[in-house]
Amino acid sequence: MIEKLVRSEGYVGYFSMVVDLRNRSGRLGMRNRVVGVVVGLTLGLVVVPARAPASIGDPPNITAKAALVMDAETGTVLWERNADDELPPASTTKVMTAILALESGSLAKSYPASPEACSVSPSKVNLLPGQRLNLEDLVYAILLNSANDASVVIAESLAGSVPEFADRMNARARQLGALHTHFENPHGLTAEGHYSTARDLATIFRHALHVPKFRTIIGTKAVVVGVENSSRMIALHSHNRLLEGYRVPVIGKTGYTVPAKKCFVGAGTFDGREIIVSVLGSRDLWGDTKRLFEFGFGDAMPPAPLLQHAALRPAHPAAHRAAHAKRSAARTATANGSGHYAIQVGSFDKMERAKRLQHALGRRGYDAAINRVATGSGKNKKTEYHVQVGKYPSRDQAESAVRTMSAQVDLPARVVQQ
């Protein structure tokens, strides 16, 4: 009866709280027990939204075994399929790992990789035993590159061992109201007893959105981090295909194992409204995720970007001749050794990140500069910060320098003409 009352109020309380109230039944009357639950709701002890009627509109046609669409602000569930089925969550597990790391208060500390962390199965950033990374950089590694080795470094550093960290993950999940989730490891590789649900993943992600730095990190397309006690630098790239170029900006975490199939949990924002989507066991991850966001936003969803067909249309003869002349001049300049070339090692949307790479390169003896570049126009206009090394009179010299540099630092270096 207590559980029914709690659901009728729109929430499900902590299981431990309900059991505790029932165990006191010899001392408390029914009225007092009901009041206790309502007070618990008022104090904010309960965080899991109950099911709500689906939004008006055709239900999304998806391939996923389980999925859920939630309003991020209110927690109202707009649509669900098998949302309480316990399924393997793959690397969406790392959202909870990131939460514990970000809430630890130790982001400025660095931690070494153990042989056990380095031997974990891919995906990984190929850490070597003893290499030390800043905890914040480890969080970047697990949320962007889905690095399993970095996940184990976090677990061992914050809790002493993977099992101890898994206990902390499970305790935090219960605190957040994710009552049908159980973690065995910090990365999501297949393990007996490691499972979650579409509802729980959305609940966990909803909390993560309010954790300081979580949005910034998971919303990063690419970044370069340095190993503290080595000259090595690691380029990280988000696996989230909807981060840019989709109808709305979407932040989120992907996951995949053979048993779990394709998984995703994330949030899209448009016109002041935020929708959370969780997907488990999908065969068409990005198609399913798009259809769920489009269902969640409904008619408020902005139109799809217009396809650019300019490349398919024949060029105007005059424009063709001008382009040909420009290419010929560039080839002539290169042959004569004139012109200037540089090695570009990073492109960022924030000056702070560019300066971070510039400083790291400087510590390794490279004279790096930041080139501010304006791209796009109108509402799409933005500034990019390109980190570049050197100034070479010919492409051949720049290419030779790239080969030398690539042997010393792990960066996606390429030659650009200035």
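## Close-ups of a sheet and a buried threonine

**View 1. Ala342 is paired with Val416.** In strand E15, Val416 is the bridge partner of Ala342. The model shown here is predicted. Strand E12 covers residues 341–348, and four bridges join strand E12 to E15. The two strands run antiparallel.

**View 2. Strands E13, E14, E12 and E15 form an open sheet.** The order across this sheet is E13-E14-E12-E15, with antiparallel pairing. Strand E13 (368–375) and strand E15 (414–417) stand at the edges. Each edge strand has a single partner strand, so one side of each is left without a neighbour in the sheet. On average, neighbouring strands are turned by 45° against each other, direction ignored. Strands of a sheet pair through backbone hydrogen bonds, either parallel or antiparallel.

**View 3. Thr93 sits in a loop.** This loop lies between strand E4 (77–81) and helix H4 (94–102). Is Thr93 buried or exposed? Thr93 counts as buried because its relative accessibility is 1%, and the cut-off for buried is under 20%.

**View 4. The Thr93 side chain makes polar contacts.** The side chain of Thr93 reaches the backbone oxygen of Ala90 at 2.8 Å. A polar contact of 2.9 Å also joins the side chains of Thr93 and His194.

**View 5. Thr93 has contacts beyond its sequence neighbours.** Neighbours within four places in sequence are left aside here.

Technical notes: Residues numbered from 1 in each chain as written. Predicted model: local features only at pLDDT ≥ 70, side-chain atom pairs only at ≥ 80, totals over all residues. Heavy atoms only, no water. Buried < 20%, exposed > 50% of the residue type's maximum accessible area, 1.4 Å probe, protein only. Polar contact = N/O pair within 3.5 Å; in protein donor to acceptor, adjacent residues only side chain to side chain. Contact = heavy atoms within 4.5 Å. Pairing = 2+ DSSP bridges. Axes fitted to C-alpha atoms, helices over the stretch in contact; angles between N-to-C directions.
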